[in-house]
Amino acid sequence: MTPDADERAGEPPAANHNARTRFEGRFTVVEAVGEIDLATAGALAEHLDAATAGPRPDVLVDLRYVEFFDCSGLRVLCRAEARARERGGRLRVVSDQPRIRRLLAGTGLLKRFPPLPGTSGEGRR
């Protein structure tokens, strides 16, 4: 068993309409899809809770397929990032959408979540 597998806290939750989890190398990638708001943030939180459950989590939250993201989603991101940090890990955001960057900047969270252009080696040449 590899060290990466040892660090994972079990199987991720089943994919739902708004979130799914996959593994890319050392990263746990939680992909958010569609609209993340008060009604759907819990579906994303379920995946982020599982992704940050183990020691030293290295989580990428992929927001490239999000059509709408409000303060409920930001609250879930902040909670998961704090949890990852408490466990000696990190949580980062992946997005190539200007509106996500504007949302993070407008809420003062851009320094906490500077968006990466892709997961693993995507978009970096």
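Me: Which residue of β3 does E31 stand opposite?
Reply: In this predicted model, E31 faces D62 of β3. Their strands, β2 and β3, run parallel and are joined by 8 bridges.

Me: What makes β2 and β3 count as paired strands?
Reply: Pairing needs at least two bridges. β2 and β3 have 8, so they count as paired.

Me: How does the chain get from β2 to β3, and what is the hand of the crossover?
Reply: The path goes from β2 through α2 to β3. This β-α-β crossover is right-handed. A β-α-β unit made of β3, helix α3 (residues 71-86) and β4 is right-handed too.

Me: How do you know that β3 and β4 pair, and in which sense?
Reply: The cut-off is at least two bridges. Strand β3 (residues 58-69) and β4 share 5, so they pair. The sense is parallel. Among the partners, L60 bridges to R92 of β4, and V61 to V93.

Me: What makes β1 and β4 the edges of the sheet?
Reply: The sheet is open, with 4 strands in the order β1-β2-β3-β4 and mixed pairing. β1 (19-24) and β4 (90-94) each have a single partner strand, so one side of each lacks a neighbour in the sheet. Neighbouring strands are turned by 25 degrees against each other on average, direction ignored.

Me: Which helix packs on the sheet and touches β1?
Reply: Helix α2 (residues 41-51) does, and it also touches β2 (27-36), β3 and β4. Its direction makes about 175 degrees with that of β2.

Me: Why is β3 called mostly covered?
Reply: Of its 12 residues, 9 are buried. D58 is one example from the strand. Its relative accessible area is 12%, under the 20% cut-off, so D58 counts as buried.

Me: Why is the contact between R20 and E31 called a salt bridge?
Reply: The cut-off is 4 Å between nitrogen and carboxyl oxygen. The N to O distance here is 2.9 Å, so the pair qualifies. R20 lies in strand β1 and E31 in strand β2, so the bridge ties together parts that are 11 residues apart in sequence.

Me: Are R20 and E31 buried, exposed or partly exposed?
Reply: R20 has 36% relative accessibility, between 20% and 50%, so R20 is partly exposed. E31 has 11%, under 20%, so E31 is buried.

Me: How do you know that D58 and R26 form a salt bridge?
Reply: Their closest N and O atoms are 3.4 Å apart, within 4 Å, so the pair counts. D58 sits in strand β3 and R26 in the loop between β1 and β2, 32 residues apart. R26 is partly exposed, at 49% relative accessibility.

Me: What makes D49 and R83 a salt bridge?
Reply: The closest N and O atoms are 3.6 Å apart, again within 4 Å, so the pair passes. D49 is in helix α2 and R83 in helix α3, 34 residues apart. Both are partly exposed, D49 at 27% and R83 at 23%.

Me: Which residues do salt bridges with shared partners join into one network?
Reply: The network holds R20, R22, E24, E31, D62 and R64. The count for the model is 12 salt bridges.

Technical notes: Residues numbered from 1 in each chain as written. Predicted model: local features only at pLDDT ≥ 70, side-chain atom pairs only at ≥ 80, totals over all residues. Heavy atoms only, no water. Helix = DSSP H or I, 4+ residues; strand = E, 2+ residues; numbered from the N terminus. Axes fitted to C-alpha atoms, helices over the stretch in contact; angles between N-to-C directions. Contact = heavy atoms within 4.5 Å. Buried < 20%, exposed > 50% of the residue type's maximum accessible area, 1.4 Å probe, protein only. Right-handed = clockwise from strand over helix to strand, strands pointing away. Salt bridge = Lys/Arg side-chain N within 4 Å of Asp/Glu carboxyl O.
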